[in-house]
Amino acid sequence: MKRDKTLAWTPPATIDFTGKKIAIVGGTGGIGRALAHQFAAKGAQIIVVGRTFRDEGIAGINPLLADLSKMKEAERVGQTLPAEELDILLFTTGIFADYVRQETADGLEQDVAIGYLNRLVILRNMGARLNQPRPDHKRPRVFIMGYPGTGRQAVIDDLNSEKSYARWTAHQNSVAGNEALVYDISKRYPNLDVFGLNPGFVQTDIRDEIFFKRGGLLNKIGYWITAFMTRTPEDYAQRVLPLFIVPELTGQSGKHFDKNGNAILPSNWVNDANCKELIRASEKLISRAGVCQESEVRD
Ligand SMILES: NC(=O)c1ccc[n+]([C@@H]2O[C@H](COP(=O)([O-])OP(=O)(O)OC[C@H]3O[C@@H](n4cnc5c(N)ncnc54)[C@H](OP(=O)(O)O)[C@@H]3O)[C@@H](O)[C@H]2O)c1
């Protein structure tokens, strides 16, 4: 990953999220949950979206339960979240593709559905409301977590892995989709700022899915070896927390940040034509589930 030297920011000595309204799609587990805890400890009101609420009793954290493998559920989430009031919208749902192609109820390859397409549906359903100019001139911030800046391209003519399937390729389709989504949202909505986040390797359930069969000996060995190269979700959350609030990012829509919160360059393939083509293929897929018609593609 190459550093983006056009943007530097300084972490403030103290951070206060009092009064901030935040939605974390994927905030019920892993990195999203660690961030929810830190936002809550600093005074924010947070809605976490996921299948299992694990933070009953923590002040400031409220659930919106949804199975985001289903595009209709993503549509409901997009229509339910209070876009006009949100200061920050963060996407952290994700899985790692299985050894054998798994299909959702909508006929979508599972990794691309849960790690990418539901985000597109949610943003199509709340983007216009998020983009409304606000009386206080504040710009909401949208953060899309994935693996940007690593050069991974999607297989655009087989985004759903129907012609052939390989788990790394399926995951790569999600990774590239999210990078294109940052680009697309930055062009589509001028009154908000959207950013990509690359957390590096973090000790969560998703990492457990990458190395061999879950629970097996090789999986345990892989987990043990990588423990030395990875950080906890809490460490990552603490390090990048200022990004969500520092004024230096205002108007810098489309930028990406690495595991330490440093600005990084997008992948080489990211340009207007490639992103449009990938978003168009994605719109085609989600329209199969009866949500967001193809006509909504940006001209
Ligand atoms: N960890 C890493 O090393 C790493 C590296 C690079 C990129 N990333 C990216 O970072 C993001 C966060 O990953 P993570 O490591 O925090 O993963 P994680 O610990 O597995 O958490 C994933 C989150 O996604 C939610 N989720 C999964 N399936 C869902 C479904 N069908 N419907 C609704 N929610 C669902 C989970 O909520 P429930 O359990 O409530 O369903 C959980 O909140 C992902 O975008 C991932 O691709 C992670």
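**The ligand site and a helix pair**

Good morning. An oxygen atom of the ligand lies 2.8 Å from a polar backbone atom of Thr52; a polar contact here is a pair of N or O atoms within 3.5 Å. The model is predicted, so to speak of local features requires pLDDT of at least 70, side-chain atom pairs count only at pLDDT 80 or more, and totals for chains, interfaces and linings use all residues. Residues are numbered from 1 along each chain as its sequence is written, and side-chain values use heavy atoms, without hydrogens and water.

From Arg119, an N or O atom of the side chain is 3.0 Å from a ligand oxygen. On its own the ligand has 890 Å² of accessible area, of which the protein covers 93% (Shrake-Rupley method, 1.4 Å probe).

How many residues surround the ligand? There are 28, and Thr28, Ile31, Arg51, Leu68 and Thr204 are the closest; a residue is counted if one of its heavy atoms lies within 4 Å.

Let us turn to two helices (DSSP runs of H or I, at least four residues). Helix α2, residues 71–80, packs with α3 at an angle of about 35 degrees, and their axes are 8 Å apart; axes are lines fitted to C-alpha atoms over the stretch in contact, and angles run from 0 to 180 degrees between N-to-C directions. Contact means heavy atoms within 4.5 Å. Among the residues making the contact are Met71 and Val77 of α2, and Leu117 and Val121 of α3.

Technical notes. A polar contact is a pair of N or O atoms within 3.5 Å; within protein, one must be able to donate a hydrogen and the other to accept it, and residues adjacent in sequence count only if both atoms are side-chain atoms.
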